[in-house]
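This briefing sets out the architecture, ligand surroundings and local backbone features of one protein. Please read it alongside the sequence and coordinates shown next.

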Amino acid sequence: MDIKTMVVQALEQTLKDHLTGIEITVERPKNPTFGDYAIPCFSWAKSLKKSPQDIAQNLATVIKHSLFSKVTAVGPYINVFLDKTYVSKKITNQIISSKEKFGSNSDGQKSNVTIDLSAPNIAKPFSMGHLRSTVIGNAIANLAEKNGYTPIRINHLGDWGTQFGKLIVAYLKWGNEERVKEQPISKLLSLYIKFHDEVENHPELADEGRRFFKMLEDGDPQARHLWNWFREESLKEFFRIYNLLGVSFDHIQGEAFYNDKMDEVIEILNSKGLLELSDGALVVTLDEYDSPPCLIQKSDGATIYATRDLATALFRKRNYDFARSLYVVGSEQSLHFKQVKLTLQKAGFEWERDMVHIPFGMMLQDGKKMSTRKGRVVLLEEVLNEATDLAHQIISEKNPNLENKEEVAKQIGIGAVIFQDLKNFRTNDIDFSFEQMLNFDGETGPYLQYTHARCHSLLRKAGCFIPKTGYSIREEEAWHTISHLTRFYEVVKQAWEDYDPSKIARYALDLARYFNSYYAKVRILDSEDQDARLCLVYSVAIVIEECLRILGIQSPKSM
Ligand code: ARG
């Protein structure tokens with residue numbers, strides 16, 4: 001059980017004669033000198049017919065429990081101080097007995113949460129935006145699981161649209177099978193760019209492109225074959241990146257997956273009388289919600305992105321009966337998701353309120369968007385490999401004799417990229433910097449990994465110490481760390497409710513900071529209290545590792 005709940009129960013127990021039927025809420029005081037928890041007394045004033053100040057004064061003298069070492073009244077609040085001996089033993093015991101399950105809860109009761117993440121577009125490079133969606137989505141899926149839900153990770157691959165008609169034309173005119181096989185995405189991208197350059201002087205190419213897309217839609221074997229090939233080759237490249245990142249999916253259901261599910265969307269909207277003609281196109285007007293209309297079908301009969309997302313939503317509700325359906329997609333698509341939700345609402349699908357768009361900001365370099373177009377091409381795989389190389393250099397300097405250096409360098413380099421993203425609140429734009437993310441002393445992934453490895457090195461030096469029970473740790477220097485450990489449950493819940501992995505990242509950074517300052521002040525090995533102290537070391541290692549796991553980052557035991 002988490003400490004906050006324990007505090008509430010202890011209060012209920014000792015106050016039961018004074019506060020029958022009244023709910024007790026506890027808060028964390030901003031200033032720790034006011035105690036570990038504060039109980040506001042405002043809401044009791046009416047039924048007790050006393051001022052909150054008086055209530056706090058009276059009740060503070062009544063509260064007696066082994067969990068608390070001191071109880072005081074400050075204005076309208078009762079402040080309680082946790083008993084260090086009792087709490088340290090309790091919390092280390094919990095961590096030791098539950099290990100990586102520590103901090104989990106069963107709030108979700110195994111219900112399904114679909115998470116739409118990554119979703120790159122085939123025949124185009126995997127962009128920084130897709131990296132962000134992948135790592136944020138993956139961490140949110142891990143948080144869902146930690147909170148008792150069953151996450152379903154879905155990759156809504158961008159594998160359909162008029163651009164594939166153009167690409168087929170370009171390939172048939174200027175393409176070369178061997179060269180595409182060698183470097184599929186970059187070659188396909190150049191073909192696509194060439195098409196756009198040429199179309200300026202040869203407008204008939206645009207018609208060709210449309211014709212080929214129509215053929216693709218109608219199942220023409222040659223068009224289908226090429227499209228399939230582009231898709232397969234692109235997926236091979238994407239999966240190299242997913243393997244580096246350690247991210248996997250339960251389903252790859254791209255836009256093309258919904259081709260045979262589009263008629264139904266139109267039928268449903270039509271039967272509800274929601275479709276209107278506008279310049280030959282079919283739209284659902286959303287004036288009453290102060291929103292521009294949702295375009296459903298273009299004048300040439302083609303369906304579009306939004307129609308596909310309507311089909312997607314219906315499919316996911318039917319097949320996964322989600323408790324929540326999350327879409328981790330850049331903030332530039334906020335209007336799109338708003339329109340999709342409003343259209344479903346207008347069509348009477350109440351479950352639409354369980355669909356949540358989780359937006360995020362941009363990745364910047366030197367204040368500019370890291371883009372895959374216009375020459376500033378940043379290939380993600382190169383970024384990941386460069387981070388790994390840099391990590392390799394750093395380890396070779398710091399710890400030249402380390403075994404499996406390659407593996408650890410990968411864990412550090414990639415962890416650094418992921419952490420640099422996740423430590424920021426997701427809607428903030430992020431400044432990309434190799435130096436910053438690989439700094440072992442800064443607010444970085446490697447700093448956390450290093451702290452975790454330090455814990456393991458201590459445990460190894462003590463003969464691979466594994467505590468069997470929790471220990472009482474009285475010393476003042478350890479209290480920040482212990483009290484912070486007691487907060488993990490709350491942070492796991494809050495991070496999930498806010499879809500905010502940065503709460504876990506920040507929590508882990510604070511834990512590492514508290515622990516490292518403890519380590520600097522207190523001798524652990526060969527001290528009188530060695531076992532108790534190592535028990536704390538062991539607990540910190542477990543919790544940092546679990547934080548990193550939630551964020552999708554590995555924790556090497558030495559580095
Ligand atoms: N492929 C799209 C893009 O790159 C993202 C798809 C997001 N998911 C969705 N269900 N619309 O912009």
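The domain assignment divides the protein into domain 1 (3–82), domain 2 (112–358) and domain 3 (380–551); such bounds come from an automatic or database domain assignment. The model is predicted: local features need pLDDT of at least 70 and side-chain atom pairs count only at pLDDT 80 or more, whereas totals for chains, interfaces and linings use all residues. Residues are numbered from 1 along each chain as its sequence is written.

**Overall architecture**

- The protein contains 21 helices and 14 strands, where helices (H or I, at least four residues) and strands (E, at least two) are DSSP runs numbered from the N terminus.
- Along the principal axes, the C-alpha atoms occupy a box of roughly 85 × 65 × 40 Å.
- Of the 559 residues, 42% count as buried; a residue is buried if 20 or more other C-beta atoms lie within 10 Å of its own, exposed if 12 or fewer, and partly exposed in between, with C-beta atoms placed from the backbone.
- Among contacts with a separation of 6 or more, 73% join residues 24 or more positions apart; two residues are in contact if their C-beta atoms, placed from the backbone, lie within 7 Å.

**Interface between domain 2 and domain 3**

- The C-alpha centres of domain 2 and domain 3 are 37 Å apart.
- Contacts join 19 residues of domain 2 to 17 residues of domain 3.
- On the domain 2 side, the elements that give two or more residues are helix 5 (128–146) and helix 10 (221–245), and helix 5 gives the most, with eleven residues.
- This side of domain 2 comprises 13 nonpolar, three polar and three charged residues; Ala, Val, Leu, Ile, Met, Phe, Trp, Tyr, Cys and Pro count as nonpolar, Asp, Glu, Lys and Arg as charged, and the others, Gly among them, as polar.

**Ligand surroundings**

- Which residues surround the ligand? The shell consists of Asp116, Ala119, Asn121, His156, Gly158, Asp309, Thr312, Tyr327 and Val329, a residue being near a molecule if its C-beta atom, placed from the backbone, lies within 6 Å of it.
- By class, the shell holds three nonpolar, four polar and two charged residues.

**Nonpolar cores**

- The largest nonpolar core has 138 residues, and those with the most contacts inside it are Ile140, Ala508, Val543, Ile544 and Leu551; a nonpolar core is a set of buried Ala, Val, Leu, Ile, Met, Phe, Trp, Tyr and Cys residues joined through C-beta atoms within 7 Å.
- Helix 21 (residues 530–551) supplies the largest share of this core, 15 residues.
- Leaving aside residues up to four places away in sequence, Ile544 touches Leu448, Thr451, His452, Ala508, Leu511, Ala512 and Ser555.
- A second, separate core of 15 residues includes Val265, Val284, Cys294 and Leu344.

**Helix 19 and its packing**

- In helix 19 (residues 488–497), the buried residues are Phe488, Val491, Val492, Ala495 and Trp496.
- Viewed down the axis of helix 19, these buried residues fall within an arc of 130 degrees, so they line one face of the helix; the arc is that of the directions from the helix axis to the C-beta atoms.
- An α-helix has 3.6 residues a turn, so residues three or four places apart point the same way.
- The buried residues of helix 19 pack against helix 5, helix 18 (479–485), helix 20 (502–521) and helix 21.

**Positive phi values**

- Most residues other than glycine have a negative phi.
- Tyr499, which follows helix 19, has a positive phi near 45 degrees.
- Ala123 is not a glycine, yet has a positive phi of about 65 degrees. Ala123 lies in the loop between strand 4 (112–116) and helix 5, and is buried, with 24 other C-beta atoms within 10 Å.
- Asp321 also has a positive phi, near 40 degrees. Asp321 is placed in the loop between helix 12 (305–320) and strand 10 (324–328), and counts as exposed, with 11 C-beta neighbours inside 10 Å.

**Pairs separated in sequence**

- Thr25 and Glu490 are 465 residues apart in sequence and 14 Å apart in space, C-alpha to C-alpha. Thr25 lies in the loop between helix 1 (3–15) and strand 1 (37–40), and is exposed, with 10 other C-beta atoms within 10 Å.
- Ser457 and Ser555 are 98 residues apart along the chain, with 13 Å between their C-alpha atoms. Ser457 belongs to helix 17 (residues 445–461) and is partly exposed, with 14 other C-beta atoms within 10 Å.
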